[in-house]
Amino acid sequence: MLQALQSRAATFVALRRDLHRHPELGLQEFRTSDLIAARLAEWGYTVHRGIAGTGLVGQLLRGTGTRRLGLRADMDALPIQEENHFAHASRHTGVMHACGHDGHTAILLAAAQHIAESVDFSGTLNLIFQPAEEHPGGAKIMIDEGLFERFPCDAVFALHNMPGHPAGHFVFREGATMASSDDVTITLNGQGGHGAMPHKAHDVVVAASSIVMALQTIVSRNVDPLQTAVITVGAFNAGQANNVIPARAKLALSVRALDRDVRDLLEQRIRALVKAQAESFDVQVTIDYKRDYPVLVNTAPETEFARQVALELVGPAQMTLQGQALTGSEDFATMLEHCPGSYLLLGNGAGEGSCMVHNPCYDFNDAILPTGAAFWALLVQRYLTH
Ligand SMILES: [Zn+2]
Ligand SMILES: [Zn+2]
C-alpha cells in the first residue's frame, strides 16, 4: 500500500504546494473547495457541496456492505504572514497554511484517488472536507447543517501532522486527547475619577487585578490535582493615563480542560468568584462565557482499530500506542460528540529545522504525504470489508 502511494507522490506533492501557495481563511476556502470537488468527481465520487458554505462530502458506494465510514480533512489557513521564501510560499499577504491543513487535504485526496482506482471494499465511504477548523469551527456548522443525517457514519477518523515527532510516526490515544477551549470576556464597570482622589471612585483596575489573582486559585484549590485545567488571562485592558482612574476594565480568558465535568466546574467557579470579587469592590460586572470547542474524546474500539491499521502499515517501531493528551484544542471534537471515532497524530519531523505549527516558518513535510494517504487507504480496506 505504501509503495503504491509513493508512486503517486509527485502529483500530490505538487497539489499540496499549490494549496500552500493559495491559502484561504476559514469559510472562504472557495478555490480549495472547487479544486477538491473537481478531483473527486473525476475519480467517480458523488460530490455534495455547500455544507457549511465551502465544506463538501465526496461519497463512494461499493458492493452490498452496510458499514459507513467517514474520513475528515480540514482545509483552512491562518491569518499569519509567511516568512518562508521557497517557491511554494503563500501568495496571499497575511494568510498562510501554517497548520498543515494543505497537507491534510492533499493526503486525503491522494488516498481518494488510490481508493477509487485500486482498493477493494464494500460499503459507503464519506470523505469529509471541512472548512474553518481554526476559526470559528466548521465541524459544528457542518453538523448543524445535517452532516451526519445526510451522511451517516459508523465511525469517523481524522489525522493531524505534528512537528516534534519523527516524520511518519503515528501517535494514537484513546480517551480525552485534546482539551476543551472556552473564551471568557469579563467587563468591569466602575466609577472613574481623578487619580489623586481614589476614595471618590470605584476603581476597576484594582478590582480586575484582584480578579486575576483570585482566578489562579481555581486550578490550584478547586480542581482535583490529578486533573488537567488551564485558566490564562491573555488580555487585561484598562485606562490610558497615570492620573485617571478609568471607568471600565476588560479581561479576556482562555479556559481549558480535559474532562467534561472539570470544564463545568471551571465555569461555575469563574462565574461565582468574579461576581463575588466585583461585589466586594463595588463595581458592576458582566461575564460573556463562550463555550468553544469541546473536549476531544477518542473512543477505545475505533482507536484500537486505527492502531491495528498502522501496525500493519508501518510496524510497531513507527507508532506510539497511547500518546500524551494535549491542552490544545481541535474542532473534530464536535464530530466525535456525534459519532464514534479517533483523531491521531502523524509526525511531521523532529530535531533541527522542525518548526511548530502556527509559526510563520512552518511548512508541511511532503515526505509524510504517502504514509498518511496509505494509512487512509488501508483503513478503508480493513473497515469496509465484504
Ligand atoms: Zn492550527
Ligand atoms: Zn491544524
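1. Conventions. Because the model is predicted, local features need pLDDT of at least 70 and side-chain atom pairs count only at pLDDT 80 or more, whereas totals for chains, interfaces and linings use all residues. Residues are numbered from 1 along each chain as its sequence is written, chains are lettered from A and ligands numbered from 1 in the order in which they are written, and side-chain values use heavy atoms, with hydrogens and water left out.

2. The sheet. Eight strands form an open sheet with mixed pairing, in the order E1-E2-E4-E3-E5-E16-E6-E15; helices (H or I, at least four residues) and strands (E, at least two) are DSSP runs numbered from the N terminus, and two strands pair if DSSP finds at least two bridges between them. Strand E1 (46-51) and strand E15 (319-320) are the edge strands, each pairing on one side only. Helix H11 packs on this sheet, touching strand E3 (68-74), E4, strand E5 (155-163), strand E6 (170-171) and strand E16 (341-349), and its direction makes about 165° with that of E3. Here contact means heavy atoms within 4.5 Å, while axes are lines fitted to C-alpha atoms, for helices over the stretch in contact, and angles run from 0 to 180 degrees between N-to-C directions.

3. Pairing within the sheet. Strand E2 (residues 55-62) pairs with strand E4 (residues 123-130) in the antiparallel sense over seven bridges, and Leu60 has Leu125 in E4 as its bridge partner. E3 and E5 run parallel and are joined by four bridges, with Arg72 opposite Ala158 in E5. E5 also pairs with E16, in the parallel sense over eight bridges, and the bridge partner of Val156 in E16 is Gly341.

4. Strand E5. Nine of the nine residues of E5 are buried, so the strand is largely enclosed by the rest of the structure; buried means under 20% relative accessible area, exposed over 50%, and partly exposed in between (1.4 Å probe, protein chains only). Ala155, Phe157, Leu159, Asn161 and Pro163 point one way from E5, whereas Val156, Ala158, His160 and Met162 point the other way.

5. The nonpolar cores. A nonpolar core is taken as a set of buried Ala, Val, Leu, Ile, Met, Phe, Trp, Tyr and Cys residues joined through side-chain atoms within 4.5 Å. The largest has 65 residues, among which Leu125 and Phe375 touch the most other members, and its largest share, 10 residues, comes from H11. Leaving aside neighbours within four places in sequence, Leu125 is in contact with residues including Tyr45, Leu60, Leu69, Leu71, Ile115, Val380 and Leu384. A second, separate core of 28 residues includes Ile186, Ala229, Ala257 and Leu266.

6. Helix H2. Helix H2 (residues 9-21) has 13 residues and reaches 18 Å from its first C-alpha to its last, close to the 18 Å expected, where the expected span is 1.5 Å times one less than the number of residues. Its buried residues include Phe12, Val13, Leu15 and Leu19, as well as Arg16, Asp18 and His20. What covers the buried residues of H2 includes helix H1 (2-7), helix H3 (30-42), helix H4 (101-118) and helix H11 (369-383).

7. The zinc pair. The zinc ion (ligand 1) is coordinated by Cys99 (SG), Glu134 (OE) and His358 (NE2) at 2.0 to 2.2 Å, and the zinc ion (ligand 2) has Cys99 (SG), His101 (NE2) and His160 (NE2) as its protein donors at 2.1 to 2.3 Å. Donors are N, O and S atoms within 2.8 Å of the metal (3.2 Å for Na, K and Ca), and water is not among the atoms, so sites may look incomplete. The two zinc ions lie 3.1 Å apart and are bridged by Cys99, which counts as buried at 6% relative accessibility.

8. Sequence reach of the zinc sites. Along the chain the donors follow the spacing C-x34-E-x223-H for the zinc ion (ligand 1) and C-x1-H-x58-H for the zinc ion (ligand 2). His101 lies in helix H4 and His160 in strand E5, so this pair ties together parts that are 59 residues apart in sequence. Both His101 and His160 are buried.

9. Val297. Val297 belongs to strand E14 (residues 296-298) and is partly exposed, with a relative accessible area of 25%. Not counting residues up to four places away in sequence, Val297 touches Gly175, Ala176, Arg260 and Leu336.
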